[in-house]
Amino acid sequence: MVVKNLPARAGYIAGLLLAVVMLIIFLGPFWWPGESSSWAAFIRAALVIALLCAAPALSRRSFSVSPLTYTVLLLFAYLLINSLLADDDMKSLRRLLLILVFFIGVGVIRASGTFDWEKILKISVAVVALFAGFSMLNLAIHGAFVLGYRQMSLAGSGVTDVADFGNTIVAGMNYGLFLLAGVWLTLRSRRRAEIALWLLCCALIATYIYFTFARSAWLASSVGGLVLLGTMTSGKLRRNILIPAAIVIALVLIFGFSELAYEVQTRGVTGRNEVWLAVFERLAGHWWFGVGAGTPLGEVHLSTGQIVRNTHGLYFEVLYQFGIVGLALLLATMLHAGACLARARKTSETARLWLAILCAGGVVMTVELHTFVGSPNLVWEWLWLPLAGAVAISREARRAEG
């Protein structure tokens with residue numbers, strides 16, 4: 001009897017462990033009882049243990065592949081070969097293997113049926129909204145919450161190591177993912193109480209993101225929100241959302257014109273053009289295959305006197321480290337994944353969320369995000385997660401056809 005129930009029990013335990021891992025990946029940046037290194041170490045160990053537990057529950061059908069699977073494997077094959085040749089003590093190779101384990105884990109969660117993405121995201125959005133509300137309330141109590149435009153750059157809670165990001169862009173992008181998840185939960189809810197709850201969570205998170213004044217987070221939230229609106233609404237519901245949204249945009253354009261002009265004309269790309277020029281200059285002789293995985297850009301001295309050490313754009317980092325071939329493979333994979341998710345949006349509500357995150361991340365990657373091959377970070381959430389979700393959905397569609 002025990003042997004007979006082994007696959008079911010193994011699938012349950014693996015699903016539970018992976019759900020916990022995903023929650024820790026999502027919520028760990030907001031608070032973790034220890035150093036960030038211990039957070040990453042826990043994720044590595046838990047992912048491997050969870051997949052070992054899932055092994056008895058896997059069948060031959062679990063290893064079915066889709067055309068997107070081959071595209072992703074081609075990308076990883078190139079990245080792995082590049083990493084083998086890199087002079088970084090195999091650090092990039094180990095990280096890539098961990099990302100592959102993460103891909104498998106995302107698929108197992110979807111297949112387990114016990115701890116699905118809806119439950120994981122509901123917990124995550126609710127907790128993140130509490131962090132946002134606490135942060136703003138705590139700062140207001142201590143007189144540190146200022147309403148004026150760019151008079152405050154929100155990046156923490158006022159409590160050390162609790163939702164304390166130290167950087168407005170990092171803060172905005174961490175919260176932005178859960179704003180999109182909150183919108184997704186709102187649009188798929190049917191009961192008024194649930195809709196009200198998720199709207200409240202979205203309001204808290206969106207308010208926090210606004211006061212970060214991180215344009216990358218604003219952009220990600222806007223692009224992802226538009227994708228969700230386009231894929232999850234129609235008819236009267238869409239009109240009821242679009243009309244108030246259009247009114248708000250018009251008011252912003254009228255009363256916030258000077259602020260918008262400041263963002264576009266004065267701040268511009270804030271020196272990123274100089275960083276990108278440095279990337280091109282340092283790529284000389286390495287255009288096709290890059291300078292090697294994990295190779296740091298080094299110091300870039302801007303005309304403002306500021307010194308930066310990353311490419312300020314993930315696409316530029318991929319180009320720098322993996323060359324034209326690596327960037328082309330990444331873009332092809334993202335486009336293939338986007339096409340698969342767009343086709344699946346009518347039958348899979350999760351596909352709509354992954355598509356929104358992938359589109360938002362794909363736009364923001366032109367000007368932000370870094371450490372393409374790394375331990376759990378923002379790239380895991382904005383790139384690897386939707387790609388892994390797309391692979392899982394495409395494999396399920398393939399199995400259904402067969």
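Which side chain meets that of Arg-191 in a salt bridge, and what is the N to O distance?

A: It's Glu-194: the side chains of Arg-191 and Glu-194 meet in a salt bridge at 2.6 Å, N to O. A salt bridge here is a side-chain nitrogen of Lys or Arg within 4 Å of a carboxyl oxygen of Asp or Glu. Bear in mind that this is a predicted model, where local features need pLDDT of at least 70 and side-chain atom pairs count only at pLDDT 80 or more, while totals for chains, interfaces and linings use all residues. Residues are numbered from 1 along each chain as its sequence is written, and side-chain values use heavy atoms, with hydrogens and water left out.

Arg-191 is exposed, with a relative accessible area of 57% (buried is under 20%, exposed over 50%, partly exposed in between, with a 1.4 Å probe and protein chains only). The structure holds six salt bridges, and another of them joins Glu-299 to Arg-309 at 3.0 Å, N to O. That pair links distant parts of the chain, ten residues apart: Glu-299 is in the loop between helix 11 and strand 1 (300-301), and Arg-309 is in the loop between strand 2 (307-308) and helix 12. Helices (H or I, at least four residues) and strands (E, at least two) are DSSP runs, numbered from the N terminus. Glu-299 is partly exposed at 37%, whereas Arg-309 counts as exposed at 53%.

There's a network too: salt bridges link Glu-118, Lys-122, Arg-188 and Glu-349. Within it, the side chains of Glu-118 and Lys-122 meet at 3.2 Å, N to O. These two are four residues apart in helix 5 (residues 117-141), so about one helical turn separates them. Glu-118 is partly exposed at 24%, and Lys-122 is partly exposed at 26%.

Helix 11 (residues 272-282) and helix 12 (residues 314-344) have axes that come within 10 Å and cross at roughly 15° (axes are lines fitted to C-alpha atoms, for helices over the stretch in contact, and angles run from 0 to 180 degrees between N-to-C directions). That makes helix 11 roughly parallel to helix 12 (under 35 degrees is roughly parallel, over 145 roughly antiparallel, 65 to 115 roughly perpendicular, the rest oblique). In this contact, with heavy atoms within 4.5 Å, Trp-276, Val-279, Phe-280 and Arg-282 of helix 11 meet Phe-316, Leu-319 and Tyr-320 of helix 12. The residues divide into six nonpolar, no polar and one charged (Ala, Val, Leu, Ile, Met, Phe, Trp, Tyr, Cys and Pro count as nonpolar, Asp, Glu, Lys and Arg as charged, and the others, Gly among them, as polar).

Helix 3 (residues 67-85) also packs here: its axis and that of helix 12 come within 10 Å and cross at roughly 160°, which makes helix 3 roughly antiparallel to helix 12. Among the residues making the contact are Leu-68, Leu-75 and Tyr-78 of helix 3 and Val-325, Leu-329 and His-336 of helix 12. By class, the contact has 14 nonpolar, six polar and no charged residues.

Finally, Val-318 lies in helix 12 and counts as buried at 1% relative accessibility. Not counting residues up to four places away in sequence, Val-318 touches Gly-323, Gly-326, Leu-327, Leu-330 and Phe-372.
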